[in-house]
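Biologist: I'd like to learn how to read a structure like this one. Can we go through it together?

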Amino acid sequence: MASAGAATLSDLDPGLLRGARVLVRVDFNVPLSSDGGVSDDTRLRAALPTLQDLREAGARVILVSHLGRPKGSEDPDLSLGPVAPALSDLLEAEVSLVTHKPGSEELRERIDAMEDGEVVLLENIRFLPGETANDDELAGNLAALCDHFVGDAFGTAHRAHASTDGVPRQVREKGGRAVAGHLMERELSFLGDTLAEPERPFVAVMGGAKISGKIELIETILPQVDRLLIGGAMANTFFQAMGLDTGESMVEPERVDMARELLDRAGDKILLPVDCVVGEEISSDASVRNVDRNEVGGADKIGDIGPRSREIFAREILGAKTLLWNGPMGVFEMEPYAEGTLHVARSLAEATDEGAVTVVGGGDSAAAAEAADVAERLTHISTGGGASLDLMAGKPLPGVEALDRAQDSDHEENS
Ligand code: ADP
Ligand code: MG
């Protein structure tokens, strides 16, 4: 599997890992329940392939993660304490939480006493102010604890923090390896490589609330795709650019000029909804109507793409070989406005069944795929929000740039 240029755990000689201390930056930013447990262990499960491989190779595994947003000081509500036993259960191995500070003699001794295959979890790294500041001293103290580094926290790879950037750089400076873990590798492969060299036709489906957060993605993706389908509130700004009345719908007035410019540049590549589901309010019990896009007006709020648009979008999706989906077609959280998004999700699943590669980025789109009960059938659903947007938009990710480069990939191309 290729990985946007970074070396991966699979590239390492397992002999190198036996008895070695390996610091793994994981994303254990999990939701906690009120009784102090882990209420959703998806992110713990996602880390298992990397952790199992390291244990089998006889590595001594030091886990580093953040949880929530403590402001550089200790917050007992955001301790990784509940995560250690939850991970222990999944891994079927003891995982101990270690609260000694990086740089302390106690932590050094604890790490020195580790056995091959043992796993320890350091306390929430954002309890330390140096983490988000990418402080050299903190990075040095962590790098000093290990021989090698594995980056597996894709969701924070777009941030240059001590544990994502400083540590791998310092580990490499002292001669260690710094590679992507299996989860990171998968994300880089699908969001980076697949989209960079897509099998055609390549169709992107974009929607969601705002254009503004996604301009870079639209601009990068437009020259690459054969078609760009646009729904969600994002489409409303394009409607205004076309001179259509959008009533009381959500629009970004300061982006109308940009939308007009994109339409001019895109020719017939951009496909907008031809009809809409409108209501007087966006609520779960709103009474709604289907109208053509040039019949919207007055107090109407556009909450979803209409039935004819669903059919047109589905046809485009079923004709594609590579598909990227980012952003729901409507307010899918509310039943009256859900069908457009669910229809797109089901069409993507059908296309995947027929051999297309389907990649989903964005937390709400991932939730919509779950709601449509098709998540298992899609090729790849990204775990990262901001990081996946940056990667799809072709921006370098600090947490990937800091890793070793993949060796000359000749053997990969020949096999
Ligand atoms: P993702 O997380 O997949 O990147 P976004 O965060 O960009 O998606 O957008 C998701 C949100 O957009 C959803 O909460 C949805 O309700 C909202 N949305 C979609 N269409 C509309 C619309 N027509 N009017 C208002 N909100 C909308
Ligand atoms: Mg979102």
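This is a predicted model: local features need pLDDT of at least 70, side-chain atom pairs count only at pLDDT 80 or more; totals for chains, interfaces and linings use all residues.

Biologist: How many residues surround ligand 1?

Modeller: A residue counts as near if one of its heavy atoms lies within 4 Å of the molecule. Here 18 residues surround ligand 1, and the closest are Ala209, Lys214, Glu333, Asp364 and Ser365. The shell divides into six nonpolar, nine polar and three charged residues (Ala, Val, Leu, Ile, Met, Phe, Trp, Tyr, Cys and Pro are nonpolar; Asp, Glu, Lys and Arg charged; the others, Gly among them, polar).

Biologist: Which element gives the most to that shell?

Modeller: Helices (H or I, at least four residues) and strands (E, at least two) are DSSP runs, numbered from the N terminus. Helix H12 gives the most, with three residues.

Biologist: What lies 2.5 Å from an oxygen atom of ligand 1?

Modeller: Look for N or O pairs within 3.5 Å, which we call polar contacts. A polar side-chain atom of serine 365 lies at that 2.5 Å distance. Lysine 214 has a side-chain N or O atom 2.7 Å from an oxygen of ligand 1, while a backbone N or O atom of alanine 233 is 3.3 Å from a ligand nitrogen.

Biologist: And the backbone: where is the cis peptide bond?

Modeller: Most peptide bonds are trans, and most residues other than glycine have a negative phi. In this chain, a cis bond joins arginine 200 and proline 201, with omega about 0°. Proline 201 is in the loop between helix H6 (182-196) and strand S7 (202-206). Glutamate 92 has a positive phi, near 55°, and sits in the loop between helix H2 (83-91) and strand S3 (95-98).

Definitions and conventions: Residues are numbered from 1 along each chain as its sequence is written. Chains are lettered from A and ligands numbered from 1 in the order in which they are written. Side-chain values use heavy atoms; hydrogens and water are left out. A polar contact is a pair of N or O atoms within 3.5 Å; within protein, one must be able to donate a hydrogen and the other to accept it, and residues adjacent in sequence count only if both atoms are side-chain atoms.
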